[in-house]
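Look over the sequence and the 3D structure below before reading the report. Keep both at hand while reading.

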Amino acid sequence: ADTGMAAGVKPIGNPGDWFPPESYPAEAKAASEEGRTEFSLDIDAAGRITGCNIVQSSGSDLLDSTTCSQLIGNGRFKPALDRNGKPMPGSWTSAMRWELAEAKTQE
């Protein structure tokens, strides 16, 4: 299908930086909750996030909702461009893997 899109939505900077260590929810840490949250963001022609949809849950509602709140609060994007170079709405799909640092340490 030809959408007339010349360039897709691009994140500005490193998306990993949008999730600083302190963004891990304390409640999820206390419950040792980990998982991978797959998401799709709706991006308007100005590069603003207008929607966050969970495509595949991590199994934790708290981690899933935190994923969206961190993305909406910290995510920055260059909008998609049509064939004439004019900004247009688009979407960006990726995933966030929530892992507890303590779980990775080995003795």
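The report goes from the whole chain to one hairpin and then to the charged side chains.

**Basis**

This is a predicted model, in which local features need pLDDT of at least 70 and side-chain atom pairs count only at pLDDT 80 or more, while totals for chains, interfaces and linings use all residues. Residues are numbered from 1 along each chain as its sequence is written, and side-chain values use heavy atoms, with hydrogens and water left out.

**The whole protein**

The protein has three helices and eight strands. Both are DSSP runs numbered from the N terminus: helices are H or I with at least four residues, and strands are E with at least two. Along the sequence their order is β-β-α-β-β-α-β-β-β-β-α. The C-alpha trace spans about 55 × 25 × 25 Å along its principal axes.

Of the 107 residues, 37% are buried. Here buried means under 20% relative accessible area, exposed means over 50%, and partly exposed lies in between, with a 1.4 Å probe and protein chains only. The protein exposes about 6500 Å², and carbon and sulfur atoms supply 47% of that area. The areas come from the Shrake-Rupley method with a 1.4 Å probe.

Contacts (heavy atoms within 4.5 Å) can also be sorted by separation in sequence. Among those between residues at least 6 apart, 70% join residues at least 24 apart.

Strand β3 covers residues 35-43 and strand β4 covers residues 49-56; the two run antiparallel and are joined by six bridges. Two strands pair if DSSP finds at least two bridges between them. F39 has I54 in β4 as its bridge partner. Five residues lie between the strands of this hairpin, and G47 in the turn has a positive phi of about 90 degrees.

**Charged side chains**

The protein carries 10 positive and 15 negative side chains, and the centres of the two sets are 11 Å apart. Lys and Arg count as positive and Asp and Glu as negative, while His and the chain ends are not counted. Each charge is placed at NZ of Lys, CZ of Arg, CG of Asp or CD of Glu.

Side chains of opposite charge can pair when their charged atoms come close. A salt bridge is a side-chain nitrogen of Lys or Arg within 4 Å of a carboxyl oxygen of Asp or Glu. The whole structure has two salt bridges.

| Salt bridge | N to O distance |
|---|---|
| R36 and E38 | 3.3 Å |
| D44 and R48 | 3.3 Å |

R36 is partly exposed, at 37% relative accessible area. D44 is buried at 17%, whereas R48 is exposed at 54%.
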